[in-house]
Amino acid sequence: MKQAMIFAAGLGTRLKPLTDTMPKALVRVGGQPLLWHVIQKLKLAGYERIVVNVHHFAEQIVDYLKVNDNFGLDIRISDESCLLLETGGGIKKALPLFDPSEPILIHNVDILSNLDLNALPTDAPLLVVSQRQTKRYLLFDDDLRLQGWTNIETGELKGPVASGQWAMVNVQLRKLAFSGIHMFHPSLAPLLDDWPERFPIMDFYLKACGDHLIRGYEAHNLRLLDVGKLDTLDKANAFVDAL
């Protein structure tokens with residue numbers, strides 16, 4: 001069974017004033033809510049079970065899914081109404097809603113892309129990345145194994161490259177931009193027991209990659225739009241029309 005989680009619990013502060021009265025997931029692009037676009041993409045790729053985490057105007061998302069009969073899918077709610085758990089805590093809380101033996105595709109609700117979800121390998125933890133200009137990059141070796149993270153403006157480093165775990169200091173690491181789409185693998189689930197209730201998933205990956213294989217998947221010719229700000233909505237309307 002193919003299963004996925006949609007991160008839809010965020011406050012959407014960059015989309016104010018729209019998010020003063022609705023969750024980011026229900027902001028419309030191309031005539032449909034962002035949540036609709038991600039669900040349809042997952043459904044087209046054969047995903048059967050989807051967990052949606054909720055916090056900000058949670059009841060609006062629950063009602064939207066109910067009115068649409070969960071789009072014919074097994075859609076479950078991970079309720080974070082009492083406390084927003086960030087991305088790592090969100091996954092940790094939602095794990096009991098999934099089949100523990102299968103990988104989980106994680107997809108941000110505000111990410112639109114032309115990514116072929118069926119092309120993603122599922123045999124190991126996977127971060128979808130691309131050559132895209134940004135301030136923050138994930139760092140990979142020649143085998144596309146995750147080795148760290150950097151902010152090129154501040155010079156900050158995280159992960160094995162920062163702690164000295166990574167020994168091949170004379171090898172040039174590849175800087176690739178994270179897409180907000182990744183595959184959480186069952187092999188990593190036991191490691192979550194040592195983490196608190198609330199934490200970012202990237203901090204988890206950057207610690208785990210010192211001892212566990214976490215791969216990058218470089219998506220070539222990737223067209224991706226993060227619908228995180230008001231000034232991206234017009235672009236988003238044109239973007240979905242072109243997909």
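Me: Which residues have the most contacts inside the largest nonpolar core?

Reply: A nonpolar core is a set of buried Ala, Val, Leu, Ile, Met, Phe, Trp, Tyr and Cys residues joined through side-chain atoms within 4.5 Å. Buried means under 20% relative accessible area with a 1.4 Å probe, counting protein chains only. In this predicted model, the largest such core has 45 residues, and I6, L35, L42, V52, I61, L65 and L105 have the most contacts inside it. Helix α1 (residues 34-44) gives the largest share, 5 residues.

Me: And what is in the second core?

Reply: That one is separate and has 29 residues, including M5, V51, L192 and M202.

Me: How do I read burial for a whole helix, say α5?

Reply: Helices here are DSSP runs (H or I, at least four residues) and strands are E runs of at least two, numbered from the N terminus. Count the buried residues along the run: in α5 (residues 201-208) 6 of the 8 are buried, so the helix is largely enclosed by the rest of the structure. Those are I201, M202, F204, Y205, L206 and A208.

Me: What about R49, buried or exposed?

Reply: R49 is buried, with a relative accessible area of 13%. It sits in strand β4 (residues 49-54). Not counting residues up to four places away in sequence, R49 touches M1, K2, Q3, A4, D74, R76, L97, F98 and D99. R49 and I75 are 26 residues apart in sequence, yet their C-alpha atoms are 5.8 Å apart.

Me: How much of the whole chain is buried, and what is its fold made of?

Reply: Buried residues make up 49% of the 243 in the protein chain, which has 6 helices and 14 strands. Its C-alpha trace spans about 55 × 35 × 30 Å along the principal axes. Among contacts between residues at least 6 apart in sequence, 74% join residues at least 24 apart.

Note on methods
Residues are numbered from 1 along each chain as its sequence is written. This is a predicted model: local features need pLDDT of at least 70, side-chain atom pairs count only at pLDDT 80 or more; totals for chains, interfaces and linings use all residues. Side-chain values use heavy atoms; hydrogens and water are left out. Buried means under 20% relative accessible area, exposed over 50%, partly exposed in between (1.4 Å probe, protein chains only). Contact means heavy atoms within 4.5 Å.
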